[in-house]
Amino acid sequence: MNINASDGLSLQDRWVAASGGAVPTSGADVGRKALWAIRELGLPAIVKTCLSCRSDHHHPSGKFRVNANGKLLDVWLLMHCDRCGRTSKIPIHERISVRELENSRLMMFENNDPATVRELVLDASLASKAMYRLDWTDTWTLETHEPFYTLDDPEPINIIVSFELPASIRLERILMLGFGVSRSQLRSVVASGRVLLPVDLDSKVRDDFTLTVTGTESAGDILDGQGKITTFRYDADAN
Ligand SMILES: [Zn+2]
């Protein structure tokens, strides 16, 4: 079963979504833009200790269990231990009145709807409530598009990074992949002040953001300028 929902958006659609609805124009004041996309490869692992083998990585089975007791319902999301296969349950609804649950939602649970599985696995508040964390290893890949950009380019550029899934990724990792440079090369360019970042390199990001790389020609202006340039946008409140 495929539990990786793709919304089928084109790059242009994503660009519009990432820029708040306005399609960037190629006017001189806008400069060049590039779009990098964090593409979804799979769902994250659910990290919780297995009662049988004490391993801690699980993946969703793709199924729900719905139990009706009179007018009360329990709904669980089922997951399998990666090592021993034991099935465990994540409570979604406990002893909820049938009337409180929309029928369409109940049907999603009863039909093991893949989009609903995905929605709940990616739900950070559910993870917090049920006391597990998510491991995003191998769940994403970075896709970069024209115009291809290298860090020694003389022209400035805005890079819009859009997320197809709310993977929590160190900013440094995204930039090393996107620019195709080593950690030390990246650190050196960032230290020069040419890359204007929404958060520091060690921080994790999970929402769309834009970063600016000043061209090599304007690097002197930036270094001689009065402190930080804050033209980037970071949607820290999106989740
Ligand atoms: Zn196990």
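The model is predicted. The protein chain has 239 residues, and 20% of them count as buried. Its secondary structure comes to 7 helices and 12 strands.

Five of the strands were examined as a sheet. This sheet is open, and its 5 strands follow the order β5-β4-β3-β2-β6. The pairing is antiparallel. Strands of a sheet pair through backbone hydrogen bonds, and the pairing may be parallel or antiparallel. Strands β5 (87-97) and β6 (133-135) stand at the edges of the sheet. Each has a single partner strand, so one side of each is left without a neighbour in the sheet. From one strand to the next, the twist averages 40°.

Within this sheet, β2 (residues 45-47) and β3 (residues 57-69) run antiparallel and are joined by 2 bridges. Here valine 47 stands opposite histidine 57 in β3. A helix also meets the sheet. Helix α3 (residues 114-121) lies across β3, β4 (72-81) and β5. It runs at about 110° to β3.

The largest nonpolar core holds 20 residues. Trp36, Ile38, Ile159, Val161, Ala167 and Ile174 touch the most other members. Four elements, β1 (32-40), β8 (157-163), α5 (171-179) and β12 (209-213), each give two or more residues to this core. Tryptophan 36 reaches well beyond its own stretch of sequence. Leaving aside neighbours within four places in sequence, tryptophan 36 is in contact with Leu142, Glu143, Thr144, Ile159, Val161 and Gly178. Two of these partners, Ile159 and Val161, are also among the core residues that touch the most other members. A second core is separate and has 13 residues, including Ala45, Leu73, Val117 and Val121.

Which of its residues are buried? They are Leu171, Ile174 and Leu175. Seen down the axis of α5, these buried residues fall within an arc of 95°, so they line one face of the helix. They pack against β7 (140-144), β8, β9 (169-170), α6 (183-191) and β11 (204-205). After α5 comes glycine 180. The phi of glycine 180 is positive, near 65°.

Technical notes:
Residues numbered from 1 in each chain as written. Predicted model: local features only at pLDDT ≥ 70, side-chain atom pairs only at ≥ 80, totals over all residues. Pairing = 2+ DSSP bridges. Axes fitted to C-alpha atoms, helices over the stretch in contact; angles between N-to-C directions. Contact = placed C-beta atoms within 7 Å. Core = buried A, V, L, I, M, F, W, Y, C linked by C-beta atoms within 7 Å. Buried ≥ 20, exposed ≤ 12 C-beta atoms within 10 Å, placed from the backbone. Arc of directions from axis to C-beta.
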